[in-house]
Amino acid sequence: MKYISKGIAKKSSTECVLHVLRGRFDCLLTGQELILWLNGRLGFSETDTENPILWDALQRLRQMGLVETAEDAEAGEYWALTRCLITPAEDESLPCLLSSGEKRILCWLREAGLNLTMAELVFLTEHNIAPSQELLGKENRQRLTEIIYTQDNIFDNILEIQMAQAKRRDEATNMILGLLKKKRILLI
């Protein structure tokens with residue numbers, strides 16, 4: 001089963017004990033849970049669901065809210081990311097090359113004036129909406145919201161369902177995963 005990890009590893013962690021922060025919770029991971037969480041930290045990982053030890057460890061991580069699983073083959077990664085809070089990382093000391101699409105998404109995440117969801121990022125990518133001064137910042141969040149949400153998609157996860165069928169869904173998903181791998185964003 002494919003899964004991706006959520007949360008922030010505390011610096012006080014050791015090789016054998018990992019403290020992961022998610023919201024106000026500090027979760028202590030050891031053994032298989034620690035290994036599974038680390039394997040899914042920078043992108044999707046797979047685990048053997050036939051192995052009861054790994055399956056139980058993955059289920060415990062899921063109950064703690066530290067992983068999201070990608071169960072649907074077609075759009076599974078997209079749906080797993082819709083259940084994560086995507087936030088820019090604070091530490092930018094690591095130099096790395098970003099694609100133009102990754103730069104655009106990172107700009108949206110840093111400067112939009114609100115926390116953008118996976119579906120909203122896919123919408124912006126699908127409609128080729130570039131970050132601009134009139135859409136960025138807290139003072140423009142209402143304008144940005146009105147561009148993304150209409151009468152057709154404002155209710156109960158309709159945007160998420162629509163963006164699951166978007167032509168550029170996988171492109172946006174891959175850019176998010178690229179930023180995660182390059183340690184430019186965090187999933188919480």
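Predicted model: local features only at pLDDT ≥ 70, side-chain atom pairs only at ≥ 80, totals over all residues.
Local features need pLDDT of at least 70 and side-chain atom pairs count only at pLDDT 80 or more, while totals for chains, interfaces and linings use all residues. Residues are numbered from 1 along each chain as its sequence is written, and side-chain values use heavy atoms, with hydrogens and water left out.

Side chains of opposite charge can pair when their charged atoms come close. The structure contains ten salt bridges, a salt bridge being a side-chain nitrogen of Lys or Arg within 4 Å of a carboxyl oxygen of Asp or Glu. One of them pairs Arg-60 with Glu-33, with 2.3 Å between the closest N and O atoms. Arg-60 belongs to helix α2 (residues 52-63) and Glu-33 to helix α1 (residues 31-39), so this pair ties together parts that are 27 residues apart in sequence. Helices (H or I, at least four residues) and strands (E, at least two) are DSSP runs, numbered from the N terminus. Glu-33 is buried, at 10% relative accessible area, whereas Arg-60 is partly exposed, at 38%. Buried means under 20% relative accessible area, exposed over 50%, and partly exposed in between (1.4 Å probe, protein chains only).

The helices that carry this pair, α1 and α2, pack at an angle of about 70°, and their axes are 9 Å apart. Axes are lines fitted to C-alpha atoms, for helices over the stretch in contact, and angles run from 0 to 180 degrees between N-to-C directions. The two helices, α1 and α2, are therefore roughly perpendicular to each other (65 to 115 degrees; under 35 counts as roughly parallel, over 145 as roughly antiparallel, and the rest as oblique). On the α1 side, Gln-32, Glu-33, Leu-36 and Trp-37 meet Ile-53, Leu-54, Ala-57, Leu-58, Arg-60 and Leu-61 of α2, contact meaning heavy atoms within 4.5 Å. By class, this contact of α1 with α2 has seven nonpolar, one polar and two charged residues. Ala, Val, Leu, Ile, Met, Phe, Trp, Tyr, Cys and Pro count as nonpolar, Asp, Glu, Lys and Arg as charged, and the others, Gly among them, as polar.

A further salt bridge joins Glu-102 and Lys-182 (2.7 Å, N to O). Glu-102 lies in helix α4 (residues 100-111) and Lys-182 in the loop between α8 (169-181) and β8 (185-187), so the pair links parts that are 80 residues apart in sequence. Glu-102 is buried at 7% relative accessibility, and Lys-182 is partly exposed at 28%. Asp-170 and Arg-169 also form a salt bridge (3.0 Å, N to O). Shared partners join the salt bridges of Lys-6, Glu-68 and Arg-83 into one network.
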